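I opened this entry to record what I looked up, step by step. Overall figures come before the details.

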Amino acid sequence: MASRQDTHGAADRAVTRVRTRLTLWYAGTFTVILLLLGAALFVAVRRQISQELDDSLTAATLELAHVASSREVQHEKNDSALIDAVDELRIPQRTLYLFDAKGNPIMPVVADPWIHLSAVAAAKQGVMSAWRGSDDRTLRLEARRFRTQGRTLVAVAVADQVELEDRYADLIGAFAAMAMIAIVLVAAGGWLLARQSTAPIEANLSNMRRFMADAAHQLKTPIAILRTNADVALQRTRDADEYRSALESVEAESRRLGVIVDRLLVLARADAGARSPEKKPLYLDDIASDCIGAARKLAERKRVVISVDAFEETPVHADQTLLHELIVILLDNAIKFSRPGGKVSIRVEMQHARPT
């Protein structure tokens, strides 16, 4: 019993391991997909927001150039008018600079060296983009050359890239939170799918257990009969005819044992769905008579009397093999649970056009 329970427990643990692995495969595959999707989204969003920042810097330099040109036309090369233009032009989160063609700052009057160098490069090239990073911030710059009526100037716009990082950090954080929720849901769904996937395995294990139980039950009776015949023959010295009779009985039970094994295989295939019951016209009394003959030896050993109370011709429409096995099981249980010296009564008859 313990060995059978250990076997069943090992089988159940194996199914659980398969189910767990399937769930992990589902969740792992989905996680990889989410990671790839998140990386692609991160790159795409970063590139898009970066482009938007560059576009805003371009718009700022163009606006500064437009305002400076308009003021210079109105005030004829007056630097104070240009300074006022820069002061009045307010673009949120953008720092504006105005340089002359030689890279000298007009407004503000002081600029960092890297901004000064960018303005000089823009005066020569037309447009210049640059960035400068430190431990806590990254600045991005665009410098643009433009001409007024009498001279060449350079408009510079600077923005802190932390704005960009904050925007995509919030987006990635939201995506990560949704991804975690999705992974949990996929894991739960994967567990359900794994249970459905392993359902056939569990059904096969159940069929196997039932077959093992049926096999043990079916083989117990003929083996007990064989052992009884052998014990009776060995209890004392007998003549040749008696030994021959005992051997013939053993041989008959051996054939019956082989038939039972074949029938167990039939039952196993039927349980597995490989064989459908083959129903045909039969006589229940004939099948019961064969089963009684097989069970008499076991009844004699336990000193149980098999009594036939009624035996009518009883036509039925059933599977012969399955019906035979059913009657054998009933007789075996009746003998097994009868007291020594007890009696097992058998009745086969028709009542209300139905066999009993």
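What share of the 356 residues in the chain is buried? I get 36%. I note that this is a predicted model.

**Overall figures.** I counted 7 helices and 11 strands in the chain. I then took the contacts between residues at least 6 apart in sequence; 69% of them join residues at least 24 apart. The chain exposes about 21600 Å². Carbon and sulfur atoms supply 57% of that area.

**Salt bridges.** I searched for pairs with a side-chain nitrogen of Lys or Arg within 4 Å of a carboxyl oxygen of Asp or Glu. The count is 4.

I started with D54 and R140, whose closest N and O atoms are 2.6 Å apart. D54 sits in helix α1 (residues 2-75) and R140 in strand β4 (residues 138-147), so this bridge ties together parts that are 86 residues apart in sequence. D54 is partly exposed at 25% relative accessible area. R140 is buried at 13%.

Next I took E142 and R144, which form a salt bridge at 2.9 Å, N to O. Are these two buried or exposed? E142 is buried, with 6% relative accessibility. R144 is buried too, at 18%.

Then I checked K336 and D332, which meet at 3.9 Å, N to O. Both belong to helix α7 (residues 320-336) and lie 4 residues apart, about one turn of the helix. An α-helix has 3.6 residues a turn, so residues three or four places apart point the same way. K336 is partly exposed at 32%, whereas D332 is buried at 5%.

**Helix α6.** I went through residues 284-301, which make up the 18 residues of α6. The helix reaches 26 Å from its first C-alpha to its last, close to the 26 Å expected at 1.5 Å a residue. Where is the kink in α6 centred? I find it at A295, with a bend of about 40°. A295 is also one of the buried residues of α6. Others on that list include L284, D285, I287, C291 and L298. Just after the helix, R303 takes a positive phi of about 60°.

**Surface patch.** Last, I looked for nonpolar side chains on the surface. M178, I181 and L185 form such a patch, with about 340 Å² of accessible area together. I181 lies in helix α4 (residues 162-234). I181 is partly exposed, at 48% relative accessible area.

How values were computed. Residues numbered from 1 in each chain as written. Predicted model: local features only at pLDDT ≥ 70, side-chain atom pairs only at ≥ 80, totals over all residues. Heavy atoms only, no water. Patch = residues over 30% accessible without salt bridge, like charges linked within 9 Å, V, L, I, M, F, W, Y side chains within 5 Å. Areas by Shrake-Rupley, 256 points an atom, 1.4 Å probe, with all protein chains shown as cover. Helix = DSSP H or I, 4+ residues; strand = E, 2+ residues; numbered from the N terminus. Buried < 20%, exposed > 50% of the residue type's maximum accessible area, 1.4 Å probe, protein only. Expected span 1.5 Å × (residues − 1). Bend = angle between axes of the 7 residues up to and from the residue. Contact = heavy atoms within 4.5 Å.
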